[in-house]
Every structure is written in C-alpha cells, then in structure tokens.
2 protein chains.
Amino acid sequence: SSIFFTWSLLLLINPFEPEPVAEPSKYGSLWPLPQKVQISDVSYKLSSSNFRIVDGKLSYADPSCSLLQDAYRRYFDYIFGLTRKHGPKSGRTGPSELTELQVWITSPDTECDGYPSLASDESCESLSFFNIQLLDLIYYIVFILFPLFLGLETFSQLVYEDEYGVKNVNSSEINDFPRFAHRGILLDSSRHFLPVQVILDNLETMAMNKFNVFHWHIVDDPSFPFMSKTFPQLSQKGAYHPYTHVYTPADVKKVIEFARVRGIRVIPEFDTPGHTQSWGKGDFPCENLLTPCYSGSKPSGTFGPVNPILNSTYDFMKQFFKEISTVFPDAYIHLGGDEVNFSCWKSNPDIQKFMTDHGFGQDFSKLESFYIQNLLDIVTTTNKGYMIWQEVFDNGVKLTPDTLIHVWKGNQQQYQKEMANVTSSGYQTLLSTPWYLNRISYGQDWQEFYKADPQEFNGTETQKKLVIGGEACLWGEYVDATNLSPRLWPRASAVAERLWSAMDVTDLGDAWNRLSPHRCRMVERGVPAEPLFVSYCPREYNGV
Amino acid sequence: SSIFFTWSLLLLINPFEPEPVAEPSKYGSLWPLPQKVQISDVSYKLSSSNFRIVDGKLSYADPSCSLLQDAYRRYFDYIFGLTRKHGPKSGRTGPSELTELQVWITSPDTECDGYPSLASDESCESLSFFNIQLLDLIYYIVFILFPLFLGLETFSQLVYEDEYGVKNVNSSEINDFPRFAHRGILLDSSRHFLPVQVILDNLETMAMNKFNVFHWHIVDDPSFPFMSKTFPQLSQKGAYHPYTHVYTPADVKKVIEFARVRGIRVIPEFDTPGHTQSWGKGDFPCENLLTPCYSGSKPSGTFGPVNPILNSTYDFMKQFFKEISTVFPDAYIHLGGDEVNFSCWKSNPDIQKFMTDHGFGQDFSKLESFYIQNLLDIVTTTNKGYMIWQEVFDNGVKLTPDTLIHVWKGNQQQYQKEMANVTSSGYQTLLSTPWYLNRISYGQDWQEFYKADPQEFNGTETQKKLVIGGEACLWGEYVDATNLSPRLWPRASAVAERLWSAMDVTDLGDAWNRLSPHRCRMVERGVPAEPLFVSYCPREYNGV
C-alpha cells in the first residue's frame with residue numbers, strides 16, 4: 001500500500017518563461033511528477049487580498065492544530081511571493097476568481113502532535129485522499145495530515161503567473177501517491193559542522209521536493225557535535241569546539257520539530273565500531289572505548305575501532321543508546337557498521353587472544369559481527385528498529401526481520417547484485433550508491449541520478465516490494481555552510497522524482513522542462529539552488 | 001621590472017586554531033606568500049579603541065583622496081571584525097601596544113583619480129616601496145597608491161587573535177612584489193546573468209587574493225546584457241530581459257570604480273566573429289550583422305558568425321568599439337576570436353564567391369583572419385591595445401607588437417608548446433588552460449591549479465619574460481549567483497599564489513597550512529569560500 005491522492009481541480013500550462021533550452025511541459029512545473037495529472041486550459045485567478053486557505057466544513061481539523069495554520073501561511077507566502085498584499089480583504093471578487101482552498105482532514109486522528117513514520121506513510125493509500133473541486137468558485141481538498149504538506153506543495157506548484165503578474169491556477173485533476181515510502185537526504189555534520197540554520201533551510205527545501213527522511217549522519221571520525229546528557233564529555237572533547245560547534249538538546253529538538261511539521265522523519269546515525277575516532281576523545285578517564293593499537297609488543301598511542309572485547313563497551317552502549325532512543329522519536333536508528341579497518345584489531349594481543357578463545361581464527365569480520373550482534377541486541381531493547389550499512393548484512397550478522405539494509409557500495413552491477421541478495425534474504429532495503437551527491441563532475445550529472453532506479457535488479461516481484469526507497473547522500477569532506485545548498489539542489493531533486501514518481505517517468509526531455517522552472521521556483525523561495533545549464537530565472541537569486 | 005615592497009615590521013606565528021590536518025606555517029596565514037618574509041616572535045597588541053591607520057607625515061597623500069580613507073576603514077573593519085568597538089579613544093595604551101599604522105605615499109603622483117594598468121604595475125619596482133618600522137610604537141608604511149591595497153591586505157593578514165581574543169601582530173620584515181603583472185579572474189555574464197552585487201563581491205574577494213584584473217566576458221551566444229548607448233537594441237533584444245538582466249551604463253561605471261579603488265583593472269571582452277548569436281537578435285532592421293546560413297540553395301533562417309564580407313559589418317564595429325573604448329578606461333580590450341565554426345560560412349554562396357574573389361580557396365581560416373585583421377585595425381584607431389584568444393595568433397593574423405595572446409586550449413604538452421610558439425614570435429602572452437575553474441572534479445583540485453606554472457615551457461629567458469601572467473576562468477554554463485562564490489573561492493586562491501609568489505614557492509604542505517586559515521579568513525570576512533577538505537573554521541559562515 002502507498003499514499004494515494006485524488007485531485008479534481010484546475011491546472012496550469014507553464015508557470016515560467018521558458019528558459020533558453022527548456023520547453024513548456026504539459027505537466028507545467030510539477031516536481032516530482034504526480035502519479036496522474038490532467039491539466040485543462042480553464043484558468044482561475046488568485047488574489048492575495050481575497051484568497052484564503054481554510055479548514056473544510058467537515059474536516060476533522062482541530063483549530064488548535066498550529067501545525068496546519070503554519071502550513072497555510074507558508075504556502076500562502078510561497079504562492080504569492082513578493083506580490084502579496086497586507087491590506088484588508090477587498091470584498092470584490094472577479095468572475096473567474098478562486099477565493100478559497102479548503103483543506104479537509106479525513107481522519108479523526110489528525111496526528112497533529114504525532115510524528116511521521118515509515119508505517120504511516122505505508123498505510124496512507126486509502127486515507128490520504130485529495131478531492132479538489134470547483135463549486136461556486138470554492139475548492140475542496142481532502143487529505144490526512146502528513147501528506148497535507150505534499151498536497152499544499154503540489155497546489156502551490158500549479159499556480160503560475162500570467163503576463164500581467166496575476167497568479168492563476170488551471171482546472172486539473174491529480175491522483176497522487178509516492179512510489180517509495182522512504183525518500184531521504186543524508187547530511188554529514190561531523191566532517192564539517194553544519195550550523196542549525198543550514199539544516200533547517202534544507203529541511204524546508206526537502207519539503208519542496210517531497211523528501212520525507214532526514215538521515216542525520218551526526219557524528220564520525222573528525223568530530224562529535226552531538227551533546228549527550230549521559231556522556232557530556234563526548235562533545236566537550238570530541239567536537240571541534242564544545243560550544244560553537246555542537247548541537248545542544250534544544251538544537252536537536254528544534255530540528256526534529258521543524259522536520260515533523262513538514263512531514264519529515266529524522267533518523268540519526270551513530271556509526272560504530274568504525275568511524276569513531278572522535279568518540280575516543282571524550283572517553284575519559286577510563287580510555288577504553290576504542291581499541292589501543294599496538295606497534296610490535298607495545299601500544300602505539302593510537303586507537304582503532306570500538307573495543308569489542310570489553311564488557312565496559314557494552315555498558316557504555318546500553319546507556320548511550322537508551323538516551324538516543326528517547327532523544328529521537330523516530331522508530332528507526334541508523335547504526336552504521338561500514339568500513340571497519342581491521343589492522344588495529346590485528347595488532348592488539350588482547351584482541352588476538354579473544355579471537356582464539358572464541359574460535360574466530362584470523363577472520364576479523366567474525367569479531368565485527370560479534371560486536372554488531374551485541375549492539376543490535378542492545379538497541380532492540382530500546383524498542384527501536386535499525387538501519388545498517390550493507391557490510392553488516394554481507395558479514396552474516398543475525399538481524400531482526402524489520403532491519404533496513406542500506407546499500408551504498410560498488411558499481412551499478414555490484415549494487416544491483418547486492419539489492420538482489422538482500423531482498424532474496426527477505427530484508428527490506430534502500431539504495432544510495434548512485435546518489436552520492438558529494439561526488440561532483442562537470443556537466444549535467446542530474447541526468448545520471450535521474451536514470452538510476454532502485455528496483456532495477458534481477459529479482460521477483462516480492463523482492464522488488466522489499467525496496468522501500470533510497471537516499472541522496474551529501475558526505476561532508478568538501479561541504480559546509482558555504483556551499484551545501486547549491487551543491488545539493490537541484491541535483492537531489494532528480495533523486496526526489498525517481499523516488500516519488502511512477503517507474504516509467506523517465507523522459508529526460510520532459511524532466512528538463514519541469515526541473516528548470518522547479519529550480520527557478522526554489523530560487524524564488526530563497527534557496528540558492530544552482531543552475532542546471534545555460535539559462536536564466538525570471539527572478540534571479542538575490543541572497544548574495 | 002615589477003612591484004617591490006619592503007616591510008620592516010612585526011609578525012605572527014599562526015593566526016588560527018590549526019585545522020584537523022593543517023599545521024602552523026612559519027609564514028602564518030599569509031596568502032599569497034610575499035617574496036621575502038621574516039617573522040620574529042615579538043608581538044604587539046592592537047586595540048580597536050586606540051589603533052588608527054593614518055597618513056604618514058611626509059606622505060604625498062592628498063586628504064581629499066577618499067580612496068585612501070575608504071581603504072583605511074575597510075582594513076580597520078577586516079582587522080577587528082566583530083570585536084571592533086564604536087566608543088571614543090580610551091586614552092590608555094599598554095606597554096606593548098601598536099597604536100598607529102602610518103601610510104606613506106612616496107610618489108607626488110598619488111594616482112588617486114587614475115586607473116591601474118599593466119604599465120603601472122610593470123614600473124612599480126622602484127616606486128612601490130613599503131617601509132614599516134617600529135619607532136616608539138608607531139609603524140611606518142611607505143608605498144604608492146595602487147599597491148597600497150596590497151600592503152594593507154598583507155598587514156591585515158599578519159594580524160592574529162591570541163587565546164584571549166586580543167589582536168596581535170608580530171615584528172617582521174617583508175619584501176614583496178608580484179611575479180607576474182597580469183593576475184586575472186574571468187567571469188562570464190552571458191551564459192548566466194550575474195547581478196552587479198555578485199560582481200562587486202568577487203572584486204572584493206579578488207583584492208583579498210591580490211588579483212588585479214577582472215576579465216569581464218560580458219556577452220556571448222546566449223545573451224547580451226551590456227547596454228550600449230549607440231546600439232540600445234543589442235541588449236533590448238539580446239539580453240535575457242531588457243531591464244532585469246542587463247548592465248546599464250551606471251552599473252558598468254559602478255563595477256569599474258569599485259574595481260579601481262581596489263587596484264583592479266576591468267578588461268571587457270567582446271568576442272567576435274563567433275560566439276555572437278545574441279548580437280544578431282538586436283541587429284534590426286537591417287539584419288545583416290550575422291551570416292545567413294543556407295540549407296542547399298536557400299537561407300535556412302539561422303545565422304552563423306559575424307558576416308565578414310559586408311562593409312556594413314565594419315561600420316557597425318567602428319561605432320560599437322568607439323563606444324566601448326570610452327566606456328572602459330583600461331588600455332586593453334579583449335577581442336575574443338576563439339572557436340569560429342566555419343559550416344555556416346561554407347553554406348553561404350555570397351561568402352563562397354567572396355572566398356574565390358580573394359583567392360582564399362576553401363581555407364576559411366583565411367576569411368577569419370581577414371575579418372580579425374579589419375577588426376584589429378578598427379580597434380587600433382581607438383588607441384586601445386588588445387588581447388585575443390590563441391586561435392587568432394595560430395591563424396597567422398598580423399598583430400601589433402603589444403598584442404597579448406591568451407592561451408586557453410589543449411593539454412599540458414600542447415599549451416606549453418603554444419606558449420613557446422607565441423613567445424618565440426615575440427608576443428606577450430598569458431595562460432588560462434590549466435585554470436578553467438568551471439571544470440569541477442571530486443577532491444582537492446586546488447593542488448593541480450597550484451602546480452601549473454605559466455613559465456614552464458621550452459624557451460629562452462627572453463621568451464619567459466614575455467609571459468605577463470594568467471587568468472583563472474569561471475565560465476558560466478553551470479554558474480550563477482547561487483553558486484559562483486563557493487565555486488571560485490578558495491580554488492582561485494591557488495592561482496593567485498602561483499601568479500604572485502616566487503617560482504620556487506611550490507610546497508603543497510606549506511600551501512595547505514596557509515591556505516586553510518586564509519580560507520577561514522575569507523569566510524570570516526563574509527565570503528562563502530568553500531572548504532578545502534575536512535576541517536572547521538573558528539567562525540563558520542553565517543550568511544546562510
């Protein structure tokens with residue numbers, strides 16, 4: 001099952017001046033493309049004096065649900081932009097003027113205070129029902145809460161300016177639901193610290209592209225900016241700076257709430273046993289979380305991955321993930337598990353003895369699995385599900401059936417084989433390999449992102465259904481607040497359409513014709529989304 | 001001859017927290033590296049209440065020279081940043097406090113109202129003399145006008161914050177002059193329109209990196225944003241929009257003045273006979289500037305390069321470049337001449353007849369040379385020198401001896417051979433081939449830009465002296481206001497040091513150790529200069 005929208009409403013021809021190469025698409029500037037779109041040429045005017053977004057008469061919407069009111073204002077601002085007027089309602093309306101967009105919440109559970117989840121997205125097919133009709137110049141929309149933002153976004157994308165600057169929307173019919181339930185963006189706040197405002201700005205842009213998962217790769221080798229209440233020394237010692245380069249509990253709450261009211265889940269990643277150099281800095285006075293590396297018969301003074309042979313390690317992890325499970329409300333935590341370097345473990349005589357005692361021989365992947373197995377058991381007691389990078393599956397660790405396997409490695413042939421292996425073992429999976437957006441190259445690379453398809457591998461229909469989606473990853477080696485937004489957008493928009501729209505939406509020409517104005521719309525909304533190619537926007541970026 | 005500075009003053013150890021990988025350099029965060037630097041460990045404090053930048057007692061500085069006063073304020077702001085105080089002078093000074101930076105203009109011609117030029121740069125060796133001495137806690141600086149900005153920039157780079165946030169500068173001695181007189185940045189405002197503020201911001205950043213030439217590739221095939229008074233229809237028809245996407249005469253003046261007071265020359269490029277599609281749109285009512293292409297025996301309705309066989313073409317160019325020569329004060333104009341596609345000329349029967357009449361056979365490069373020769377003669381009458389892309393030289397066009405040949409094509413072997421050919425013919429040349437910064441790739445590509453050297457080719461000392469410098473080019477296919485600054489900086493900084501510092505300054509490790517804090521300094525001054533690698537800045541970019 002999946003989210004399902006039905007729109008019966010008015011639609012547009014083309015909302016922007018065509019760019020030098022872009023032609024008008026019959027789907028206007030809709031991005032990502034809804035599942036079914038029919039746009040008539042009957043247009044209706046919108047006036048910022050008269051137009052209102054209101055709760056429908058039979059809506060279950062609770063007037064105290066500020067989340068709704070905030071969304072109304074946000075989309076009112078997006079629709080009218082700089083042309084909006086602040087005066088009182090004029091009282092006069094034209095003959096073909098649309099005065100109301102009615103929002104109908106069809107479920108008694110408005111989920112106003114709840115969080116979006118993988119489960120709720122999956123069960124939306126019958127619940128998330130849009131019905132927008134023209135009736136005495138009044139629109140009706142019916143939908144449940146979290147997809148509401150999706151519906152308002154779609155409506156705002158239907159609005160276009162005519163040659164006099166008047167906002168118009170054409171009669172149209174839209175049925176919509178996403179192809180995949182998990183549509184994510186990974187940001188890395190360890191290799192470079194990302195100020196909270198950068199994260200909020202990108203959540204805003206994610207909503208414009210109907211992404212619904214923020215994968216927060218919050219800590220890694222270079223720095224530990226997450227402020228733990230249980231182990232405050234982790235960020236005090238492990239962050240680039242204990243005050244200016246950390247996320248306080250209030251910061252984290254702000255991010256989660258900002259995401260929630262836009263229908264976006266926040267899944268934190270605490271990657272172990274590798275990628276943990278910064279954890280070691282805060283691990284005093286005992287200094288035994290990380291493995292001491294040896295040079296010959298003596299400790300070299302450097303440290304390797306988490307030390308998997310000490311009980312104290314698992315005591316630490318129990319307390320740490322107990323805290324994490326309360327700080328982050330999402331049902332899933334990403335536990336990493338990628339790229340464990342075995343050389344330090346090999347050098348350490350205590351580890352070698354442990355290997356022998358446990359009959360692991362020299363197969364250090366067995367030791368890794370031993371650690372991961374213990375970690376997964378710990379996290380399971382917190383009632384969280386987990387996501388892990390593909391190595392954990394490859395190494396044969398025993399996983400709970402609801403584990404999500406995150407595929408990130410190899411060339412096309414290799415990742416398709418991995419997807420086949422994972423799903424034939426009955427696990428759910430999501431893809432990132434072709435969407436490492438930190439990797440840049442000269443030219444229109446959005447087309448390559450657009451062509452990749454997570455269900456393109458040898459497998460049965462049952463296997464294909466185990467693919468829950470994918471994530472665009474922007475690793476932080478070369479990215480910080482100075483260049484994150486233009487590097488991510490609109491390249492990630494190509495991934496957004498692949499994960500949302502029907503499998504057969506693959507026409508690069510039509511994609512270009514819609515993505516070009518979508519890029520300009522983001523620019524007009526204040527996002528420094530970089531150009532796709534030679535072109536211009538009716539209103540250029542002015543945030544310089 | 002070249003610019004020559006002598007500084008006897010106080011210097012620093014390392015002005016920034018070392019980044020994860022960067023180590024303190026013995027040259028602090030100086031970028032580009034001056035020719036001679038000696039930094040002692042004697043430090044002096046600066047107080048924003050007490051410190052002043054003033055005209056020296058025997059300076060030729062004219063108090064009415066607002067250019068100087070603007071520079072003083074700009075560098076006062078840079079030095080003290082957010083910590084500067086706005087209150088009155090305290091009257092109390094500490095025992096090791098530096099209270100004055102004296103600026104001495106040594107030439108009676110302060111050039112306050114003049115423009116920087118290739119010639120003035122070349123003759124600076126004896127004129128541009130800095131002498132900063134410690135004398136009862138007063139500094140002396142002596143220099144002429146345009147390099148003044150260079151001297152203030154260097155001084156500001158010597159200032160660092162100690163652990164209490166106090167600004168310090170160490171006793172030091174600096175002798176400086178640039179290796180090359182022409183150190184340029186090319187921006188392309190045709191493929192994407194660049195708002196004036198974007199250009200001004202980048203002139204500001206150029207000054208921080210001691211670039212002294214803004215090569216304004218102002219028009220090209222996609223659009224013609226330059227508003228000509230003589231032919232207003234060129235931008236009315238050829239710009240993306242006749243009001244929002246054009247440079248008015250006032251805009252152009254603003255750019256030139258903003259550059260001038262920072263010691264930066266503005267060289268406009270009007271590229272012909274190719275790259276002129278946008279010119280054709282404004283060429284009415286006669287519609288004969290561009291060559292009509294033929295399909296068989298009939299005009300196809302499309303147009304090719306400038307039509308070189310009509311007198312009206314040369315009449316147009318005479319009037320056009322007469323205007324250009326007055327709008328842009330610099331002694332040079334860039335006339336382009338690259339990438340002429342001959343297929344349209346070939347298709348046109350009138351052109352074919354002209355070829356036969358002139359005995360050109362089927363060698364269309366002879367026709368191109370015919371056109372260029374006429375154009376150069378026209379521009380020569382305006383008393384301007386010209387720069388041209390290498391094809392014009394390759395095609396054997398007769399050039400005046402002061403022509404600057406701009407090398408941009410080929411792999412390393414090919415461009416080095418071209419530099420050898422050009423200089424063995426006695427022409428001055430500058431290099432751009434290895435510095436096409438629009439070409440991006442994953443990783444630390446600044447190192448490749450840093451390694452390239454414009455004098456590295458087989459040639460005599462006389463030939464080497466004909467190399468006047470180089471330009472970093474940021475072509476506009478994938479660049480506009482949303483991403484220009486982080487794409488250009490600090491990658492262009494690598495080129496800046498190559499063109500300024502001594503030939504043997506090639507240590508990548510020391511470059512990294514200075515470039516990392518230089519990048520953070522740009523960020524602190526408000527420039528969204530992207531990170532070089534995993535790292536952090538004491539004060540992250542907050543302009544999001």
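Colleague: What is the peptide bond from A:W31 to A:P32 like, cis or trans?

Modeller: In general, most peptide bonds are trans. The bond joining A:W31 to A:P32 is cis, with omega near -5°. Chain B has a cis bond as well, from B:T272 to B:P273, with omega near 0°. B:P273 is in the loop between β10 (265-269) and α7 (277-281) of chain B.

Colleague: Before we go on, where do these numbers come from?

Modeller: This is a predicted model, in which local features need pLDDT of at least 70, side-chain atom pairs count only at pLDDT 80 or more, and totals for chains, interfaces and linings use all residues. Residues are numbered from 1 along each chain as its sequence is written, chains are lettered from A and ligands numbered from 1 in the order in which they are written, and side-chain values use heavy atoms, with hydrogens and water left out.

Colleague: What pLDDT does chain A average?

Modeller: pLDDT is the predictor's confidence in each residue, from 0 to 100. Chain A averages 87, and 86% of its residues score at least 70. Residues 1-19 of chain A are below 50, yet beyond near neighbours in sequence this stretch has 122 contacts in the model; contact means heavy atoms within 4.5 Å. For residues 121-138 of chain A, the pLDDT is also below 50, with 67 such contacts. For the complex, the predictor gives an ipTM of 0.88 and a pTM of 0.90.

Colleague: And how do I read phi?

Modeller: Most residues other than glycine have a negative phi. A:N383 has a positive one, near 65°, and lies in the loop between α11 and β14 (385-389) of chain A. In chain B, phi of B:K210 is near 60°, again positive, and B:K210 is in the loop between α4 (196-208) and β9 (213-217).

Colleague: Which of these counts as buried or exposed, A:N383 and B:K210?

Modeller: Buried means under 20% relative accessible area, exposed over 50%, and partly exposed in between (1.4 Å probe, protein chains only). A:N383 is at 71%, so it counts as exposed. B:K210 is at 1%, so it counts as buried. Of the 544 residues of chain A, 63% count as buried.

Colleague: What does B:E391 touch?

Modeller: B:E391 is in helix α12 (residues 390-394) of chain B and is buried, at 9%. Leaving aside neighbours within four places in sequence, B:E391 contacts B:G337, B:D338, B:E339, B:W408 and B:K409.

Colleague: Last one: at what angle do α8 and α11 of chain A pack?

Modeller: Two packed helices are described by the angle between their axes and the distance between the axes. Axes are lines fitted to C-alpha atoms, for helices over the stretch in contact, and angles run from 0 to 180 degrees between N-to-C directions. Helix α8 (residues 311-327) and helix α11 (residues 364-381) of chain A pack at about 35°, with axes 10 Å apart. Among the residues that meet are A:M317 and A:F321 from α8(A), and A:F370 and A:L375 from α11(A).

Methods. Helix = DSSP H or I, 4+ residues; strand = E, 2+ residues; numbered from the N terminus.
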